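User: Could you walk me through this structure? I'm new to this, so please go slowly.
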Amino acid sequence: MSERYTIGEAAKKLQVSTRTLRYYDEKDLVRPAYIKENGYRFYSEEQIMQIELILFLKELGFSLKQIKMLIQDEHGSQSLELLLKEQAQENQRKIEEISKKQRQIKHLQEIKLSRAVLTNHSGITDIMRKENRISALRRKMLFWCILLILGELIGISLLYAFKLQMSVAVIGIATIGAGALSKYYYDNVEYVCPNCGDIFIPSFLTFNLAPHTPKFRKLTCPKCGKRSYCLEISRE
């Protein structure tokens, strides 16, 4: 004879409440295998496994309505496969949504704006939009830098091959190209002071001489006068 569990024993084994098991009974998900005249409920091993499946599917995000349809469908395995596919797509959507929010949170953590700026919702939105837009500018700059380097290497190779004395001209062209790229980048960026939240544009000379990281440049804010690493964002 297969082992039977009282509703209390089944609840303990499954780590759920007896109320949950009664609710599953009411919703015709899993009924007790045996009910005594005094109303005591008993569950078999097979029903324990069914409830475990229900709990597992709930953890995956399935609704009880979907689970009931799956259990009662004679083609349950096919239905499960379809439901899992749908749930995987929904979970992926949620992951992408959470990832986007995480990136936004990271941006705010990096910006470290003052309390006054944080209360200005439109200001934050504008800053984050510009900070996101600068990625396209950096990709464009990387592309042109690679072309400049390749052009310089080709020029040096040709000079070496034909033994031409035009090294000064090649260096000059490379310098002009680098300067033009630097000016183009400068004309498309501005900076956010992490202390007062002011958005400003430094001089071209200061821009070139200031220490910097991929996202920040150490500058003196013209408004608060503090020197710190300011967030680089795209200029309108």
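This is a predicted model: local features need pLDDT of at least 70, side-chain atom pairs count only at pLDDT 80 or more; totals for chains, interfaces and linings use all residues.

User: What does the side chain of lysine 183 meet in a salt bridge?

Analyst: The partner is aspartate 187, and the N to O distance in this salt bridge is 2.9 Å. Aspartate 187 counts as partly exposed as well, with a relative accessibility of 33%.

User: How many salt bridges does the count come to?

Analyst: The count comes to 7 salt bridges. One of them joins aspartate 25 to arginine 41, where the closest N and O atoms are 2.3 Å apart.

User: Which residues are linked with them in a network of salt bridges?

Analyst: The network links Asp25, Asp28, Arg31 and Arg41. Aspartate 28 is found in the loop between α2 and β2, the latter being residues 34–35, and aspartate 28 is partly exposed at a relative accessible area of 33%. Aspartate 28 also has a positive phi of about 60°, although it is not a glycine.

User: Where does glutamine 15 lie, and what is its phi?

Analyst: Glutamine 15 lies in the loop between α1, which is residues 7–14, and α2. Glutamine 15 is not a glycine, yet its phi is positive, at about 60°. With a relative accessibility of 75%, glutamine 15 counts as exposed.

User: Let's go back to salt bridges. Which residue does arginine 93 pair with?

Analyst: Arginine 93 forms a salt bridge with glutamate 97, and the closest N and O atoms of the two are 3.1 Å apart. Both residues belong to helix α5, which runs over residues 76–111, and because they are 4 residues apart there, about one helical turn separates them. Arginine 93 is partly exposed at 40% relative accessibility, and glutamate 97 is partly exposed with a relative accessible area of 38%.

User: New topic, the surface. Which residues make the nonpolar patch?

Analyst: That patch is made by Leu142, Phe143, Trp144, Ile146, Leu147 and Leu150, and its area is about 590 Å². To take one of these residues, leucine 147 sits in helix α7, which spans residues 121–162, and leucine 147 is partly exposed with a relative accessible area of 38%.

User: Which residues gather in a patch of negative charge?

Analyst: On the surface, Glu3, Glu9, Glu45 and Glu52 gather in such a patch. Glutamate 52 has its place in helix α3, made of residues 45–59, and counts as partly exposed at 40% relative accessibility.

User: Now the buried side of things. Where is arginine 217?

Analyst: Arginine 217 is placed in strand β6, which consists of residues 216–220. Arginine 217 is buried, since its relative accessible area is 7%. If we leave aside its neighbours within four places in sequence, arginine 217 is in contact with several residues, including Tyr185, Tyr191, Phe207, His212, Tyr229 and Glu232.

User: And what about leucine 70? Is that one buried or exposed?

Analyst: Leucine 70 is buried, with a relative accessible area of 7%, and its place is in helix α4, residues 64–72. From C-alpha to C-alpha, leucine 70 and leucine 80 are 6.4 Å apart in space, and in sequence they are 10 residues apart.

User: To finish, how many helices and strands are in the chain, and how much of the chain is buried?

Analyst: The chain has 9 helices and 7 strands, and 30% of its 236 residues count as buried. The chain exposes about 16100 Å², and carbon and sulfur atoms supply 59% of that area. Looking at contacts between residues at least 6 apart in sequence, 54% join residues that are at least 24 apart.

Notes: Residues are numbered from 1 along each chain as its sequence is written. Side-chain values use heavy atoms; hydrogens and water are left out. Patches are made of residues with over 30% relative accessible area and no salt bridge: like charges are joined within 9 Å, nonpolar side chains (Val, Leu, Ile, Met, Phe, Trp, Tyr) within 5 Å. Accessible areas come from the Shrake-Rupley method with a 1.4 Å probe; for residues, only the protein chains shown count as cover. A salt bridge is a side-chain nitrogen of Lys or Arg within 4 Å of a carboxyl oxygen of Asp or Glu. Lys and Arg count as positive and Asp and Glu as negative; His and the chain ends are not counted. The place of a charge is taken as NZ of Lys, CZ of Arg, CG of Asp or CD of Glu. Helices (H or I, at least four residues) and strands (E, at least two) are DSSP runs, numbered from the N terminus. Buried means under 20% relative accessible area, exposed over 50%, partly exposed in between (1.4 Å probe, protein chains only). Contact means heavy atoms within 4.5 Å.
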